[in-house]
Amino acid sequence: MTKRNTLTALTLSAALLLSACGTGGSAQRSGTAADGGDKKVSFTIGYAAGDPAARKAIADTVQRFTEANPEIEIKDLSENSSSSYLDWLKTKDAVGEFPDLVEMRDTEVFADAGKIVELPTGLLDLFDSPPEVEGKVWNAPLVLNSPQGIIYSKKAYADAGIGELPKTYDEFIAVQEKLKAGGITPLVVGGKDIFHMGFWVNKFLIDDVYAEDPDWNSKKTNKEVSFADDNVVQAMTDYKELFENYVDKGWLSTPDNQTASILVSGKAAQLFSGTWMFTQIEEADPGFEYGFYAVPDRRGKVNVIGLPSPAGWSLSADAAKDPAKQEAIEKFIRFFFEPDQYAQYLASINGLPSTKEKVEYETGEAMQVALDLMNDPDVTKSLAINNWWGENLIPPQFRNWFYKKLQEMVVANGDVKTYMRQVDEEYDNQVKANAQ
């Protein structure tokens, strides 16, 4: 059996931006429009639905809320689609179905477009110093960013004679060689879903670019650096070589939601992903024994995603024009972050709490590794290429184009330096187009 531990927000380090302050707890109830007798208030909700565990966790919370508040109706617009979440939101906006309450990831893009409003001041007390964009808080953060790493089959490692976890990237590659020699595919990748490509892409970018220069994006926008520079070329060379040599050959047609079953079935030994996958793995096979670790760089340094970013629940500008609707949405958000409710959500996705108030839920061995990474001051915390904001914001369409270009580079066995010159040119063109 996996050892169970208790996660408490108060025990996390300052790197998680948590404190011991309380919020007063449960959702506020008033005798206004949201509770207006026979008058039913309705609002729509939209969120990224590509991850089954996260989708179920939110849907379950919505169900519990509407059961407790029958006077409020919530229409779920979310769809499980292989297209990017940003594209899905833009399509919803184009057809006049932009959600009233929306999980926002590209905050600056939609804030600048006037599609969302600042987080109501009455909700700010739930969180401790949430990130600001243009000096304003736009989001109620669902969770804090958690580290990504290798989720591995303990049996596969034992069968391959791997007794110790790698301490450098070269040792990590040696592990892949041992797995491959043992007749098992080392890595499964859900490349059919474009967001999944970002896991490995950003691992290498963080190691070779962002760990040393968190402001690299802004320098690129100002043409002070280039994707064709040696550090980016090295990162993308490592990415290409990894995919060519150790990733399952069907990666381009494998959806993210099949990676857990491929891992537990023994068809692959490892999956590089985040803590939200632990639940999916345990549901796919409760007896499957797995571990988790961050892949070190060549110097043995560990760098992970872990900085806070402006993302989470946001109110649409249209919803904010309707006082009854806004009140109902605020009521839902307070319900969502009540310790008892929030703990169920966090447990479903193995998430890191974003609230001031103490939250407890049971965690397993793998999640404890993630917590230790976040609490370790020697572990560099960073963000994915598209999660930076302000001066470091990239053109909104660039991420998907970039990931698809990298897929093409692997499939076509393209020259990395040549492809990075093309990437650099495209980035500049998108910056120029957005400025017009």
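The legends below describe close-up views of a predicted model.

Local features are given only at pLDDT of at least 70 and side-chain atom pairs only at pLDDT 80 or more, while totals for chains, interfaces and linings use all residues. Residues are numbered from 1 along each chain as its sequence is written, and side-chain values use heavy atoms, with hydrogens and water left out.

**View 1. Helix H8 crossing helix H14.** Helices (DSSP runs of H or I, at least four residues) and strands (runs of E, at least two) are numbered from the N terminus. The axes of H8 (residues 230–246) and H14 (residues 398–411) come within 10 Å and cross at roughly 55°. Axes are lines fitted to C-alpha atoms, for helices over the stretch in contact, and angles run from 0 to 180 degrees between N-to-C directions. H8 and H14 are therefore oblique to each other; angles under 35 degrees count as roughly parallel, over 145 as roughly antiparallel, 65 to 115 as roughly perpendicular and the rest as oblique. The crossing is right-handed, a term for a near helix turned clockwise from the far one by less than a right angle, left-handed being anticlockwise. H8 contributes Met236, Tyr239, Lys240 and Phe243 to the contact, and H14 contributes Phe402, Leu406, Gln407, Met409 and Val410; contact means heavy atoms within 4.5 Å. Seven of these residues are nonpolar, one is polar and one is charged. Ala, Val, Leu, Ile, Met, Phe, Trp, Tyr, Cys and Pro count as nonpolar, Asp, Glu, Lys and Arg as charged, and the others, Gly among them, as polar.

**View 2. Helix H1 against helix H12.** H1 (residues 52–68) packs on H12 (residues 339–349) at about 160°, the axes being 8 Å apart. That angle makes the two helices roughly antiparallel. Their crossing is right-handed. Ala53, Ala54, Ala57, Ile58, Thr61 and Arg64 of H1 meet Gln341, Gln344, Tyr345, Ser348 and Ile349 of H12. The contact residues comprise six nonpolar, four polar and one charged.

**View 3. The open four-stranded sheet.** The strand order is E6-E7-E5-E8, with mixed pairing; two strands pair if DSSP finds at least two bridges between them. E6 (185–188) and E8 (290–293) are the edge strands, each pairing on one side only. From one strand to the next the twist averages 25°.

**View 4. Strands E5 and E8, with helix H5.** E5 (residues 148–153) runs antiparallel to E8, and four bridges join them. Tyr152 stands opposite Gly291 in E8. Helix H5 (residues 169–181) lies across E5, E6, E7 (268–274) and E8, running at about 145° to E7.
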